[in-house]
Amino acid sequence: MTCSELNSKAQGKANLVNIADVKAAVDAALVEANASLRQLNKQVWSNPETAYKEHGAHNAICDFLEKKGFTVTRHAYGLDTSFEATSGSGGRLINFNAEYDALPGIGHACGHNLITTSSVAAFLALSTVLKQYNIPGRAQLLGTPAEENGGGKAKLIDAGAYKGVDISLMAHAGPQKLFPGTVCDGVGGVLMNARKEIHCEFFGRSAHAGGNPWAGVNALDALVTSYNNVAMLRQQMQPDERVHCAFLDVPTVANVIASYTKAYWQVRSPTLKGLNTLMAKVRNCIEAGALGTGCEVKIVENELYTDIKLNDTLCDRYQVHMSSYGRNVLKRHDKVLTGSSDIGNVSYILPTLHTMFGIHAEDGSFPHHPSFASAAGTDVAHEEAVIVGKTLALIGWEMVTDDQLFEQTKKQWQEAIQE
């Protein structure tokens, strides 16, 4: 049977099933799994691990899935801390992304333990209802390491992890006051900046800083000059553009002209086109620092995170299904949230939903602050992540069973990537 015939079969069977009954089945599946889900959440949150070192989280999630009867591929697609679990047969393939990396020193201050919880919950629920109603369709849970730094999803794309996927779904926690003046339970679609890294090394010549400084070529001056060049560039940057820098290798003594320095930059802009323009300007600033001091410079650009292509149909379905759980969710917000995520890369290759859901946190708390790590570990945050997982499962069901809705989603995506 062809894919088209299987999809038609899925729609035909689904037409006999009331969405209220599907919702009840989703709810029941996650009531049964909730205690073990909470234990998994706690385990990931209590043992934070940084990019590509998420061995404990990888093993815990894989163990959890195998105990639920799923076949799991550990260390999937050439990444030691990635995994893949699939269920179902025939029909469309719905992907859920589980992130579980943490931040150095402040743990799960971006709440990736809750991304794991919502995506695992969604995978369990969709797998259950597809099997219960004997509907052609498949679910994929993909472990996506190193979102904070390292671009795990970009590497997974290159390795073929998303090949054949029809829809990609995930959700990220945030404070209920995500934007100034806006209090809600979440946002279906949030614009985020494209981001790329610049790694630069300056090479000069050592000399005695007191005895014969004129014989030296100062790599520290080159680095400081490039930093100041970018500082002046900020006057001409767009309001939502960002440039950050970390000095990685600098002199530790004052009486030697530095022969070597190293720095790392992140450059962000609301669109990929804007990012490319800004990258060229920042590169000029770095090269000018080398030119002005007589140093050589080596520049490497890598780890592109694209902006996110929002999909109004997926955002709308998120709003609708969250409202059925009593949540007040905005369909989308047109102000750019100036962070970045490698889920943007996925949104350029297939229709993607990356929602933000609100959790209770103290006033002023925001991702990447220690107070948000505390909020992400609470029972209240867990329960919200489970509700989000239910909603993602219901969207997955609709994308498998509703041909018209799926084609509308796909058409919007095709139009978005051509902009």
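Predicted model: local features only at pLDDT ≥ 70, side-chain atom pairs only at ≥ 80, totals over all residues.
Helix 4 comprises residues 112–132. Its end C-alpha atoms are separated by 30 Å, in agreement with the 30 Å that its 21 residues should span at 1.5 Å a residue. An α-helix has 3.6 residues a turn, so residues three or four places apart point the same way. After helix 4 comes Asn134, which has a positive phi near 55°.

Positive phi values are also found at Tyr52 and Ala146, neither of which is a glycine. For Tyr52 the angle is about 65°. This residue belongs to the loop that connects helix 2 (19–46) with helix 3 (55–67). With a relative accessible area of 24%, Tyr52 is partly exposed; the class applies because the value falls between the 20% limit for buried residues and the 50% limit for exposed ones. For Ala146 the phi is about 60°, and the residue is placed in the loop between strand 4 (137–143) and helix 5 (152–159). Ala146 is buried, its relative accessible area being 0%.

His333 is located in strand 11, which covers residues 329–337. Its relative accessible area is 16%, and His333 is therefore classed as buried, since buried means under 20%. When neighbours within four places in sequence are left aside, the residues in contact with His333 are Phe179, Thr182, Val187, Gly189, Val190 and Leu191.

On the surface, a nonpolar patch is formed by Val224, Tyr227, Phe247 and Val250. Together these residues present about 300 Å² of accessible area. Phe247 has a relative accessible area of 39% and is partly exposed.

Methods. Residues numbered from 1 in each chain as written. Heavy atoms only, no water. Patch = residues over 30% accessible without salt bridge, like charges linked within 9 Å, V, L, I, M, F, W, Y side chains within 5 Å. Areas by Shrake-Rupley, 256 points an atom, 1.4 Å probe, with all protein chains shown as cover. Salt bridge = Lys/Arg side-chain N within 4 Å of Asp/Glu carboxyl O. Buried < 20%, exposed > 50% of the residue type's maximum accessible area, 1.4 Å probe, protein only. Helix = DSSP H or I, 4+ residues; strand = E, 2+ residues; numbered from the N terminus. Expected span 1.5 Å × (residues − 1). Contact = heavy atoms within 4.5 Å.
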